Amino acid sequence: MATTLSDTKPSATRGAVILPWEKTAHDQDIRAAEARLEEAVGLAASIGLVIVRQAVLLVRAKRSSTLLGSGQVDSLKIAVQADKIDVLVVDARLTPGQQRNLEKEFGCKVIDRTGLILDIFGARAATKEGTLQVELAHLEYQRSRLVRLWTHLERQRGGFGFLGGPGETQIEADRRMIGDRIVRLKKELEQVRRTRGLHRQARKRVPFPVVALVGYTNAGKSTLFNALTGATVYAQDQLFATLDPTMRAITLPSGRRIILSDTVGFISDLPTELIAAFRATLEEVAEADIILHVRDIAHPDSAAQKKDVFGVLHDMARDNMIEDDWSSRMIEVMNKADLLGGPDAVPQTADTVAISAITGEGLPALLDVIDRRITSSMEEVRYCMALSDGAASAWLYQHGEVIGREDGEENTTISVRLLAEDRARFESLFKHVEPLIA
C-alpha cells in the first residue's frame, strides 16, 4: 500500500504520511483506509509538505511505547532514511511518549493528526476570534506535552523569599505560564463572542433571512459562495482553504434579499482541543433560516462525509448550541455534478439540488429552491392603512413580498407575505396598523 515519488525539489520539506489502521475497529459504513489516507495526505500537503511516501499500516494491537509494532517501526525507519524524510505525519492521536520515541527511532520530526490540524488552523485563521481560538487550542495541546518538548524542565529553581524552599521545576513554571495565558485567552474570547452577539442582534433588526453553507472540507462551499455572490473568498482545491465565517448579501430571483454565510469545513476525528474553536465558527449556522449542506457528490466517501457533518450538528443540538429541528431547515446541495456528467445525471429529491459551482450548472435551480423554501415559511396577512402612511407601506415592500394592493379614496389594503419575526416586528413598529381578519 505504499507509493514513492522521486522527482521533488531538494529544497522542499519532504514528508511522509502513515495511517495506523485497526481493521476490526471500523464498521463497513466508515470510510475505507485508502480514502482516509488520501485525506491525511491532503491535510499534510496543505501546509507545504511534499509527500514522498504514504502508506497504510495495519495495527493488530497498539503498543504503548510507539503505537506501531516493532517490525513496522524498523521497516519504516529504513524507508524514512532512504527517502530523506524531514517530517513524518502519523494520522492518529499520539501520546507524548509515543511521539518522543518515534522521533528518536526515525531521527526526524513526528507530528500526529492533532498537531497537523492545529498547524493548518494556525496558518489559516484570519479573524480575531479565529486567531484566539487557535492559540487556545495550541496551548492546551502543548500543556500536555511539556515533558516531551523540553529536556531542561526537570531542573529546579529556587523558592521565593529569604527562606528558599523546594522551589518549582521549570516544567511547573512553564505549565503555570501556559495556564495563565489560557485564562486570559478565554476572557478575550468571551468578550469577542459578546461583541459578535451584538452584531448578530443588529443584523436581526435588518431582517434579511440568513442562509448558511455547511459541509465537509473541500466540498466546494467557498467556490459556491463566490459563484452566488461574485465575491473573491479564498477557494482552493485543498482542505481547510478557509476557516473564518464570511457573509454577503445576495438577491434571489423574486427580488428578495438574503444573507449568505460561508463557514469552516467539517472533518472526521476533529482534535478535542479544536472542538470549541470549530463550533464557534458554526454559530451562524445556529441562527440560519436555511442551511445548505454542500456535498462533494463525486467523492467516493460522500456518504461517510455526510455522516460526519450530521454527527457534529447532532452533538451541537444535544448541547443546546443549535435548534433540535435543524434538519428541517436543511437543503442538500450535490456539488461537483459536472464530474458525474452534469446535474441531470445525479438523482434528486424535493430537498436536494444537483449543481456544479465551477461551471454554474444548477445554480438558478438552487436559487429557486431557496426562494421557495423562504416563501413556504412566510405568513400571508392583509393590512389596511391610510394612504398617507407611506412609512408603513414602504416597510412592507422592503421586508415582505407584496402580492396584492387595493387603493381606496383614503385607505389602502396591502396583502403581503412575511416571515413570522418580520410580522411581529412590523406590528410592533406600527401599532396603529392592525391585520385584517379574513
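My notes follow, topic by topic.

**Ground rules**

I am looking at a predicted model, where local features need pLDDT of at least 70, side-chain atom pairs count only at pLDDT 80 or more, and totals for chains, interfaces and linings use all residues. Residues are numbered from 1 along each chain as its sequence is written, and side-chain values use heavy atoms, with hydrogens and water left out. My helices (H or I, at least four residues) and strands (E, at least two) are DSSP runs, numbered from the N terminus.

**The six-strand sheet**

I looked up the strand order and got S9-S10-S8-S11-S12-S13, an open sheet of 6 strands with mixed pairing. I count two strands as paired if DSSP finds at least two bridges between them. Strand S9 (246-251) and strand S13 (352-354) are at the edges, each pairing on one side only. From one strand to the next, the twist averages 25 degrees.

Then I checked one pairing up close. S12 (residues 330-335) and S13 run parallel and are joined by 3 bridges. Across that pairing, Glu-332 sits opposite Thr-352 in S13.

Which helices pack on this sheet? Helix H8 (residues 221-229) does, touching S8, S9, S10, S11 and S12. I use contact for heavy atoms within 4.5 Å. The direction of H8 makes about 155 degrees with that of S10. For angles, axes are lines fitted to C-alpha atoms (for helices over the stretch in contact), and values run from 0 to 180 degrees between N-to-C directions. Helix H11 (residues 302-318) packs there too, touching S8, S11 and S12, at about 150 degrees to S11.

**A closer look at H8**

I listed the buried residues of H8: Lys-221, Ser-222, Leu-224, Phe-225, Asn-226 and Leu-228. Buried means under 20% relative accessible area, exposed over 50%, and partly exposed in between (1.4 Å probe, protein chains only). These buried residues pack against S8, S9, S10, S11, S12 and also helix H12 (363-376).

**The four-strand sheet**

This open sheet has 4 strands in the order S15-S16-S14-S17, with antiparallel pairing. Strand S15 (401-407) and strand S17 (435-436) each have a single partner strand, so one side of each is left without a neighbour in the sheet. I found 6 bridges joining S15 to S16 (residues 411-419), which run antiparallel. Asp-407 stands opposite Thr-412 in S16.

Two helices lie across it. H13 covers S14, S15 and S16, running at about 30 degrees to S16. Helix H14 (residues 420-429) covers S14, S16 and S17, at about 140 degrees to S16.

I also stopped at Asp-389, in the loop between S14 (378-386) and H13 (390-399). Asp-389 is buried yet has no salt bridge, and the nearest side chain of opposite charge, Arg-405, is 10 Å away. For charge, Lys and Arg count as positive and Asp and Glu as negative, while His and the chain ends are not counted. Leaving aside residues up to four places away in sequence, Asp-389 touches His-432 and Val-433.

**Two crossing helices**

How do H2 and H3 sit relative to each other? The axes of H2 (residues 70-82) and H3 (residues 96-106) come within 9 Å and cross at roughly 55 degrees. That makes the pair oblique (under 35 degrees is roughly parallel, over 145 roughly antiparallel, 65 to 115 roughly perpendicular, the rest oblique). Val-73, Leu-76, Lys-77 and Val-80 in H2 meet Leu-102, Glu-105 and Phe-106 in H3.

**Salt bridges**

How many salt bridges are there in the whole structure? My search found 19. One counts when a side-chain nitrogen of Lys or Arg is within 4 Å of a carboxyl oxygen of Asp or Glu.

- Asp-91 and Arg-36 meet at 2.7 Å, N to O. They are 55 residues apart, with Asp-91 in the loop between S4 and H3 and Arg-36 in helix H1. Asp-91 counts as buried at 4% relative accessibility, and Arg-36 does at 8%.
- Arg-53 pairs with Asp-83, the closest N and O atoms being 2.5 Å apart. Arg-53 is in strand S3 and Asp-83 in the loop between H2 and S4, 30 residues apart. Asp-83 is buried, at 9%.
- Glu-135 in H5 and Arg-181 in H7 are 46 residues apart in the chain, yet their closest N and O atoms are 2.9 Å apart. Glu-135 is partly exposed at 28%, and so is Arg-181 at 23%.

Last entry: salt bridges with shared partners join Arg-36, Glu-39, Asp-91 and Arg-113 into one network.
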